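Here are a few notes to read alongside the model.

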Amino acid sequence: MTKKQTFFDEMSSAAGARAPYRSYESWFKSQDVTRLAQKSAEAERFFRRTGITFNVYGQADAEERLIPFDLVPRILSNAEWRKLERGVEQRVRAINAFLHDLYNRQEILRAGVVPASLIANNDAFLPQMMDFTPPGGVYTHIVGTDIVRTGEDEFFVLEDNARTPSGVSYMLENRETMLQMFPELFSQIKVQRVSDYPKNLRASLEASAPPNCEGHPFVVVLTPGIHNSAYYEHSFLADQMGVELVEGHDLRIVDGRIAVRTTRGYRTVDVIYRRVDDAFLDPLTFNPQSMLGVPGIMDIYRAGNITIANAPGTGVADDKAIYSYMPDIVEFYTGERAILKNVETHRCSEPDSLKYVLDNLADLVVKEVHGSGGYGMLVGPAASKAEIAAFREKLKARPANYIAQPTLSLSTVPIFTEKGLAPRHVDLRPFALVAPNEINIAPGGLTRVALTEGSLVVNSSQGGGTKDTWVLES
Amino acid sequence: MLGKTAGGLYWMFRGLERAENTARLIEAGFRIALTRSTDPASDWRSVIVTSAQQAAFEAKYDAYTSQNVSNFLLREPSNPSSVLSVIKTARDNARLVRTALTTEVWVAVNETWMVLTDLLKETVPDPELPQALEAIRQQSALVRGALYGTMLRNDVYNFCRLGTFIERADSTARIIDVKYHALLPSPSYVGSKLDNVQWEMVLRSVSAHRSFRHAVQDDYNASNITEFLILDPRFPRSLAFCAKRITENLSELRNEYGGESESLDAALAFHARIKDRDINSIFEEGLHEYISQAILDIAAIGTRIEAQYRFIN
């Protein structure tokens, strides 16, 4: 049985190019395809030389890979973006309020809007964060919200990445690459700038400095090290912000403050933009085997002597089980309906839902509640009978570990191939910066694209690529 | 700057220097085995001995052939000093200290790693060895040029240069130490065939056969070669030259940071042991003893730099 599905293409409609793409399309038509192919190869060489790579876990032979870059931009009109921006801002605000509530009075649990059991059984919930408010009240300094589109006006949030979202370096590098490859394009089409992101990130982190910070806040980026899959991004962001990139063993506690080992001795650190997971942050409090964190940092944190961005314990808000409650969470804290819709989600922990999911596995996408990166998920329509049967057993064994969603008809944007333009499915991850009094969202974000024809999995670890994302000035 | 960053820069440039020195050494061996020798195995053995890796080599290979030696020194992953290993380490260090490097330096190092990984992915056949060695030297020159042309002259730069000159001084001293028996003036050797081959090998392994002729204007003899390698401040691989640069880089760091500098004191003492000497007094002291002490001094300066600038803790 093959279902003929039609997908919303963001570039072309029956009546020709959609409005945001009109100028681009006429430029594209005037281009020589051979020259574009050369440009595309040039871009790949540029990425290799400059070392814009990511590491893939479990692939020893191909330790560092490029994320393929496609030269056709993904274009959003100004009006489309304004709506997305408002929606993301609302959601990010609600997530911060939710986290503050969860770790303090827990009104939302008492009101029965979110079941308390979901929190009690959640590994991402950190009791060590109870009755404590992070500096400036900010939990999620950086959020990457995954958004998919299915129609002209149909945007859905697929996931809230509230822990340590990655990918922003590709947003910045993709724009730089496009500017280098096609400078003339940017003089013809006015695109909103994303290049202020590093400056804004630094300002946002500095604005969240701890109460006991004296003088100008000293910010560092904490990385697990060069073997981490996102190391390139860590060093890129530190470099672009003009701050130091440190590892756990560079830090220690000196006189009740976190300090970094420099060639002139130890220097106090005020803000840590950490790219290590909660479990590795403090071996005294969490995983005792961790070599990546700083022993005792949680005590310093609770004493108001350091800012950790994002705060420990924010993962509870981007859990896929919590996700299904997000529209209620938004309403509970903002008093408004959610501007961005959720994808319909079946919680397999609930018997009726589980039955429905088991009966419809071939049509659904099933995800692990705590999974990420496209690992451990089932894409029903793309899976073989054997894969579905195997997954059915896993699901029955631990139903609470899974949620299921309908297979979305993700929108497509064309990619450049030797045979011309070819539609491929995309998603979008805008990046929001949260400071105590301001939320700043870079116009656009990271567009990930499934390069295989028909594929719906856009993750870079699964063969996805990226595109430059344009938000038009007007 | 971070102590770890200073350490990363220092070791990155030690690695790059080591790769270049290894390439020079193989080049010397290759040239001599090819053109001068009646016993190539012994010439290749001498290359391994000079690189101070005889035991490791013999554990892995049973014959001193050009292929075995070039594989071991260029490509062997289990040899931490093989060109491929040190370039990989240097590039890892460059990634570690990425924020301290200009894009040009980073790209030069990254490209060096890409070019050499590709070039050395299989055994290099003898006829292609000269081009491969040339590529290694060219890539080092590229990194050096990027460093020289684009980096601020601050602590970052000084740590890079210290890595280069500590490694180079150590390398030159070790070459002299291994060959000291050939460099000792002894009437029975003078003019013999063996003598000339040995001396040429020494000069070639520090790429000095040409500069020596220009600078010394005299025929090879044990005393003037040794003097050139240890005492000549014009030759960029001599101990005198390296010691001078080390004291300069450490002085600049002290000026930038203020206060006392233990490593500068050690470097000044080391430089004094070189610049005020003449070669005869070194022979009187004993060349082997003198060079052994120099190797220890260089290592001690390195250790002091690491401690003073908190590379580790």
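1. Chain A of this predicted model splits into two domains: domain 1 covers 17-343 + 408-471, and domain 2 covers 344-407. The C-alpha centres of domain 1 and domain 2 of chain A are 26 Å apart.

2. Now to where the domains meet. Domain 1 of chain A brings 14 residues to the contact, and domain 2 of chain A brings 13 residues. On the domain 1 side, the biggest contributor is helix 12 of chain A (residues 320-323), which supplies three residues. By type, the domain 1 side that touches domain 2 of chain A has six nonpolar, five polar and three charged residues.

3. Next, have a look at the sheet. Four strands of chain A make an open, antiparallel sheet in the order 16-19-17-18. Strand 16 (346-347) and strand 18 (378-379) of chain A are its edges, each pairing on one side only. As a reminder, strands in a sheet pair through backbone hydrogen bonds.

4. Strand 17 of chain A (residues 364-368) deserves a moment of your time. Strand 17 runs antiparallel to strand 18 of chain A, and two bridges join them; here Val365(A) has Val379(A) as its bridge partner. Five bridges link strand 17 to strand 19 of chain A (residues 402-406), again antiparallel, and Lys367(A) stands opposite Ile403(A) of strand 19.

5. One last point: is strand 17 of chain A mostly covered or mostly open? Mostly covered, as four of its five residues are buried.

Definitions and conventions. Residues are numbered from 1 along each chain as its sequence is written. Chains are lettered from A and ligands numbered from 1 in the order in which they are written. This is a predicted model: local features need pLDDT of at least 70, side-chain atom pairs count only at pLDDT 80 or more; totals for chains, interfaces and linings use all residues. Domain bounds come from an automatic or database domain assignment. Two residues are in contact if their C-beta atoms, placed from the backbone, lie within 7 Å. Ala, Val, Leu, Ile, Met, Phe, Trp, Tyr, Cys and Pro count as nonpolar, Asp, Glu, Lys and Arg as charged, and the others, Gly among them, as polar. Two strands pair if DSSP finds at least two bridges between them. A residue is buried if 20 or more other C-beta atoms lie within 10 Å of its own, exposed if 12 or fewer, and partly exposed in between; C-beta atoms are placed from the backbone.
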